[in-house]
Amino acid sequence: MSWKDSIDPKLLAIVAQVDQKIAPRLAALDDQILDNQAKVLHAFQDHRVSEAHLNGTTGYGNYDEGRDTLEAIYADVLGGEAALVRPQFVSGTHAIGTALLGLTRPGDEILYITGEPYDTLQEVLGMSGNGIGSAKEYGIAANYVPLQDNGEVDFPAVKAALTDKTKLVVIQRSCGYATRKSFTIAKIKEMVDFVRGLKPDVWIFADNAYGEFSETLEPLDVGVDIMAGSLIKNGGGGLAKTGGYVVGRKDLVERVSYRFTVPGIGGEEGATYGYLLDMFEGFFVAPQTVGNAIKGAIFEAALLAELGLSVSPEWQEPRTDLIQTVNFGNKADMVKFAKAIQQSSPVDSYVEPIPEQMAGYEDEVIMAAGTFISGSTIEFSGDGPIRPPYTLYLQGGLTYAHIKLGIIQAAESTFYQH
Ligand SMILES: *Cc1c(COP(=O)(O)O)cnc(C)c1O
């Protein structure tokens, strides 16, 4: 009995065509994986990682050489001077929000130039939610420049929005739950050059969620000052159990560290007991894990487009993150596909995901994630807010084979019932 026995032969024939079509794209990704793997390997060697670094500390976590070494590696690989890489960051939102709030003071303005901020960050900024503890409550203004209809940054509007008060310009690399394309490193460079040309001293921050190792350069390599992300997305390589990171200019990372803990202590404390081995090993395998996930996204794009769905990016387009969006146009199909994704998972495959209200999100959200690490989106998962155009955001997958099996089975159960 083969897994193929339960798949419609017509679907298998389409899969075979898709495999042929995308083969050169997948081969090109192998080169990128190699480049990123070399960068990470050399950083481990340069920083003389040893077994003692993997153990972690207890209590205050003073003089944690493993943690300091991991942070130096993150800084080197991702193009910064210093980093905070901590299990005490509860999520990417926490790391990003800590940076936004740590870098600004009452009277300052935070300006997003890539359209509406990601849902959870809107609450941090005070654009939605109850406002308690938000940037707005502290007298820090937060605004965003809407994107043009074609999804590109509106440069004249950015120019008009920059003021004496603008302290921090924010670029969100990945699309989040918006219907736009993610911004490639080449596009981020254009944004940085434009903003610097107008206001050389402004600090530029990048929300790098889902971006790490998706290309061979990172936002810091093209002039961004500081960036942050989650360890249960790309950087954790599927092995980190929790955490987030902030990396960038040393003076700015220090400011963020005082918001992360308290003034005076900053990044000097923070025990890592039990976490470091996974964080080191996860970062080491992340280039390969991310590469496989992107290969899977290319397969998803090619197969689902072949089945008549509208997808973004399309299979042949450049990629700068893990996200593959699929528009279903109606709630029923979106939910059905999400359920099929859940059924193809190694954990909780028998569980039925249902749309629900979630902390930090305004609309109901459906999340299919039968993952080893709760909520991890470097693992094969699909989610999205229940609102038109009913877009499911697919991402992750620890192995290419799993993504491929999962998508074929989801396509079978959604579009090929016998
Ligand atoms: C996932 C994500 C975040 C937040 O990360 P969490 O770890 O889920 O809190 C921030 N910005 C973007 C664009 C994201 O995709």
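Reader: To begin, how many aromatic pairs does the structure hold?
Author: The structure, a predicted model, holds 12 aromatic pairs. Rings of Phe, Tyr and Trp (its six-membered ring) pair if their centres lie within 6.5 Å; planes under 30 degrees apart count as stacked, over 60 as edge-to-face and the rest as tilted.
Reader: What kind of pair do Phe44 and Phe280 form?
Author: Phe44 and Phe280 are edge-to-face, 5.9 Å centre to centre with 80° between the planes. This pair links distant parts of the chain, 236 residues apart: Phe44 belongs to helix α1 (residues 9-46) and Phe280 to helix α8 (residues 276-306). Helices (H or I, at least four residues) and strands (E, at least two) are DSSP runs, numbered from the N terminus.
Reader: What should I know about the numbering and the confidence limits?
Author: Residues are numbered from 1 along each chain as its sequence is written. In this predicted model local features need pLDDT of at least 70, side-chain atom pairs count only at pLDDT 80 or more, totals for chains, interfaces and linings use all residues, and side-chain values use heavy atoms, with hydrogens and water left out.
Reader: Turning to the ligand, which residues are closest?
Author: The ligand is surrounded by 13 residues, the closest being Gly92, Thr93, Asp207, Tyr210 and Lys233; a residue counts if one of its heavy atoms lies within 4 Å.
Reader: Which helix gives the most to that shell?
Author: Helix α3 (residues 92-103) does, with 3 residues.
Reader: And what distance separates Thr93 from the ligand's oxygen?
Author: A polar side-chain atom of Thr93 is 2.5 Å from a ligand oxygen atom. For Gly92, a backbone N or O atom lies 2.7 Å from an oxygen atom of the ligand, and for Lys233 a side-chain N or O atom is 3.2 Å from one.
Reader: How much of the ligand does the protein bury?
Author: The protein buries 90% of the 380 Å² that the ligand exposes when taken alone, by the Shrake-Rupley method with a 1.4 Å probe.

Conventions
A polar contact is a pair of N or O atoms within 3.5 Å; within protein, one must be able to donate a hydrogen and the other to accept it, and residues adjacent in sequence count only if both atoms are side-chain atoms.
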